[in-house]
Amino acid sequence: MSMTLYDVGLVGLAVMGENLALNMLEKGFSVAVHNRTSDRIDAFLQRAQREGFSQTYGARTAEELVASLLRPRKILLMVKAGQPVDDTIARLRPLLQPGDMIIDGGNEHFTNTERRARELAPHGLHYLGMGVSGGEEGARHGPSLMPGGPREAFDELSAVVRRIAAQVDGADGGPCVTYIGPGGSGHYVKMVHNGIEYGDMQLIAEAYDVLRRVGGLSNAELAEVFEAWNGSELQSFLIEITARIFRTPDPDGDGELIDKVLDSSGMKGTGKWTVQDAVELGVPIPVIASAVDARVLSSQKTARVAASAVLQGPSPSPLPAEARRQLVDDVRAALYASKACSYAQGLRLLQVASQTRGWNLPLGEIAAIWRGGCIIRAQFLSRIKAAFDRDPQLPNLLLDPGFAEELKVRQAAWRRVIGLAAAHGVPTLAMGGALSYFDTIRQSRLPASLIQCQRDLFGAHTYERLDKPGTFHSEWSK
């Protein structure tokens, strides 16, 4: 048993937990770690020693972990969401004292976070749900952190999270962490972050598909295009890694690895949760919803192969060289405009959730902490922060004068890409959805008048009129 008392306890030494523990050690914090299986503890202690970190301790039991921590105790859980979190809390709770805190750093549904906070509050224990984005690399060298829960617990924790978070340089830089808000708001913001990530990835995949199948670009040419885009307004982590992917050779044969990878994408649930809550709150997020649909469709590989032999459509035929250059420029514009719609939808969802649940989410600060460490980090987020700094109550990002102008100058190219893709039979589920969203919100009159008439005819649901107040029911023509 260790006589030294440690700054932070960490439970769960899978990839993310191990790298966060090493990150904390590197930033000067002492860390006691615990894992359900002892071999993981041994492997971690050996790695920490190899990397020159001695301020760590491997607790073999929950009792040892709790006894080894400075008060108020800070215990970060990096275990699988759901029942494993409840089981871990059940082991820890009787050992903790009022003022101690548990921080859940997993991808948990925000309602579970709020339930656990309510259950622990009568014991005087603080519970925080903290979104952690950036994958293995971010966890080790600086993630984007989204902590939500009691303000006093965050204040106690802030010295740790501000040091271990990604750091953005420049006059308006700083650590990629801020207090998100009360309750489950931290996990909620991470959930929506992941929904935006789904949208971003699907839009990039569709851009790739159009350039490859309509433009006829080779992997080498695609790598050059994406590398050039990463030096433009599209600069982002996802664009950067996409260029790297196109250059990666197949280790088992000729050509590039991407051409040998199965076209069936998995998902872990945060995108689906985002869509479900958007429906509950009545917030349209068609880009994110289309990205979730696209992953589901991709996973139905056997059914798609069977359907491809039955359903007829145009076969893509590569464009001539001069048209390819125009296509590359057009796809760049379409990708940017679609991305703006995706972020606008995600941020609107955060806004409505904040109003509905009384969270008072700081949208400008949230955009700022996504600029480093996380998967959706991009230059673009600085423009989003500036938009919400100008107008914290901005009802839709696309209504910011800067964004309105950016979409205006790109929309002809955007429309050409969607039209060309449709003519060639190349699906643009998310990019086409983004354009339809843009066209829908800019209409002063929509065909929903016909839907109201239909509802009144078959179900006497009534309707309102443009020319006088009240609700009406009509006997429609036989």
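A residue is called buried when its relative accessible area is under 20%, exposed when that area is over 50%, and partly exposed in between, using a 1.4 Å probe and protein chains only. Helices (H or I, at least four residues) and strands (E, at least two) are DSSP runs numbered from the N terminus. The structure is a predicted model, in which local features need pLDDT of at least 70 and side-chain atom pairs count only at pLDDT 80 or more, while totals for chains, interfaces and linings use all residues. Residues are numbered from 1 along each chain as its sequence is written, and side-chain values use heavy atoms, leaving out hydrogens and water.

**Strand E5 and its neighbour**

- Strand E5 is covered on both faces, with Met101 and Ile103 buried on one side and Ile102 and Asp104 buried on the other.
- E4 and E5 run parallel and are joined by four bridges; strands pair if DSSP finds at least two bridges between them.
- Leucine 77 has aspartate 104 of E5 as its bridge partner.

**Helix H4**

- Helix H4 (residues 83-92) has Val85, Asp86, Thr88, Ile89 and Leu92 buried.
- Viewed down the axis of H4, these buried residues fall within an arc of 160°, so they line one face of the helix; the arc is that of the directions from the helix axis to the C-beta atoms.
- The buried residues of H4 pack (heavy atoms within 4.5 Å) against several elements, including strand E1 (8-11), strand E4 (74-77), strand E5 (101-104) and helix H5 (110-120).

**The largest cavity**

- A cavity is a set of points on a 1 Å grid over the protein atoms alone where a 1.4 Å probe fits but cannot get out, and its lining residues have an atom within 4 Å of a point.
- There are two cavities of 30 Å³ or more.
- The largest cavity holds about 70 Å³ of space, a volume being the space filled by probe spheres set on the points.
- Its lining consists of Val8, Met24, Leu76, Ile103, Met130, Leu157, Val160, Val161 and Ile164.
- By class, this lining has nine nonpolar residues (Ala, Val, Leu, Ile, Met, Phe, Trp, Tyr, Cys and Pro), no charged ones (Asp, Glu, Lys and Arg) and no polar ones (the others, Gly among them).
- Helix H7 (residues 151-164) gives the most to the lining of the largest cavity, with four residues.

**The second largest cavity**

- The second largest cavity contains about 30 Å³ of space.
- Asn107, Glu108, His187, Lys190, Met191, Thr270 and Trp273 line the second largest cavity.
- H8 supplies the largest share of that lining, three residues.
- Two nonpolar, three polar and two charged residues make up the lining of the second largest cavity.

Key. 1 Å grid on protein atoms, 1.4 Å probe; cavity = no way out; pocket = protein on both sides within 12 Å on 5 of 7 lines; lining within 4 Å.
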